[in-house]
Amino acid sequence: MTASHPLPQADAEDCVGSCRTCPSVGSCGDRFACKCLKVTEHTVITAIRTYGLRTVRELKTVTRAGDGCMCCHKQLRTYLEIYAPAPE
């Protein structure tokens, strides 16, 4: 079972994903979830939904997000809280 949230798309045509002005997690698919490795929010959310990921460790294995300086781990946990499948 996967989360029922729609996959976000950037509203502005000129969005480069680095401005951080989008209103919330999941609102800008081009925003970097992991700046070190340039992994986008879209990649993270898609991986969580596609593979049913539930932990940062699993997310790192599939996308490499969080494998650099680790500053994004809190944000990655937020994506997991919102988009990961419910525990059975």
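**Salt bridges and a threonine in a predicted model**

Mentor: Asp67 has a relative accessible area of 41% and is partly exposed. The model is a predicted one.

Trainee: Why is Asp67 called partly exposed?

Mentor: Buried means under 20% and exposed means over 50%. Asp67 stands at 41%, in between, so partly exposed is the term.

Trainee: What makes the pair of Asp67 and Lys60 a salt bridge?

Mentor: The rule asks for a side-chain nitrogen of Lys or Arg within 4 Å of a carboxyl oxygen of Asp or Glu. For Lys60 and Asp67 the N to O distance is 4.0 Å, so the pair meets the cut-off. Lys60 has a relative accessibility of 24% and is partly exposed.

Trainee: How many salt bridges does the rule give?

Mentor: The count is 3. One of them joins Arg31 and Glu41, with the closest N and O atoms 3.2 Å apart. That distance is within 4 Å, so the pair qualifies.

Trainee: What does the pair of Arg31 and Glu41 tie together?

Mentor: Arg31 lies in the segment before β1 (32–34), and Glu41 belongs to helix α1 (residues 41–51), so the pair ties together parts that are 10 residues apart in sequence.

Trainee: How do you know whether Arg31 and Glu41 are buried or exposed?

Mentor: Arg31 has a relative accessible area of 5%, and Glu41 has 0%. Both values are under 20%, so both residues are buried.

Trainee: Where does Thr63 lie, and what makes it buried?

Mentor: Thr63 lies in helix α2 (residues 56–63). Its relative accessibility is 13%, under the 20% limit, so Thr63 is buried. Leaving aside neighbours within four places in sequence, Thr63 is in contact with Val39, Thr43 and Ala47.

Trainee: Which backbone atoms does the side chain of Thr63 come up against?

Mentor: The Thr63 side chain reaches the backbone oxygen of Leu59 at 2.7 Å. A polar atom of that side chain also lies 3.0 Å from the backbone nitrogen of Ala65. The distance cut-off for a polar contact is 3.5 Å, and 2.7 Å and 3.0 Å are both within it.

Notes. Residues are numbered from 1 along each chain as its sequence is written. This is a predicted model: local features need pLDDT of at least 70, side-chain atom pairs count only at pLDDT 80 or more; totals for chains, interfaces and linings use all residues. Side-chain values use heavy atoms; hydrogens and water are left out. Helices (H or I, at least four residues) and strands (E, at least two) are DSSP runs, numbered from the N terminus. Buried means under 20% relative accessible area, exposed over 50%, partly exposed in between (1.4 Å probe, protein chains only). A polar contact is a pair of N or O atoms within 3.5 Å; within protein, one must be able to donate a hydrogen and the other to accept it, and residues adjacent in sequence count only if both atoms are side-chain atoms. Contact means heavy atoms within 4.5 Å.
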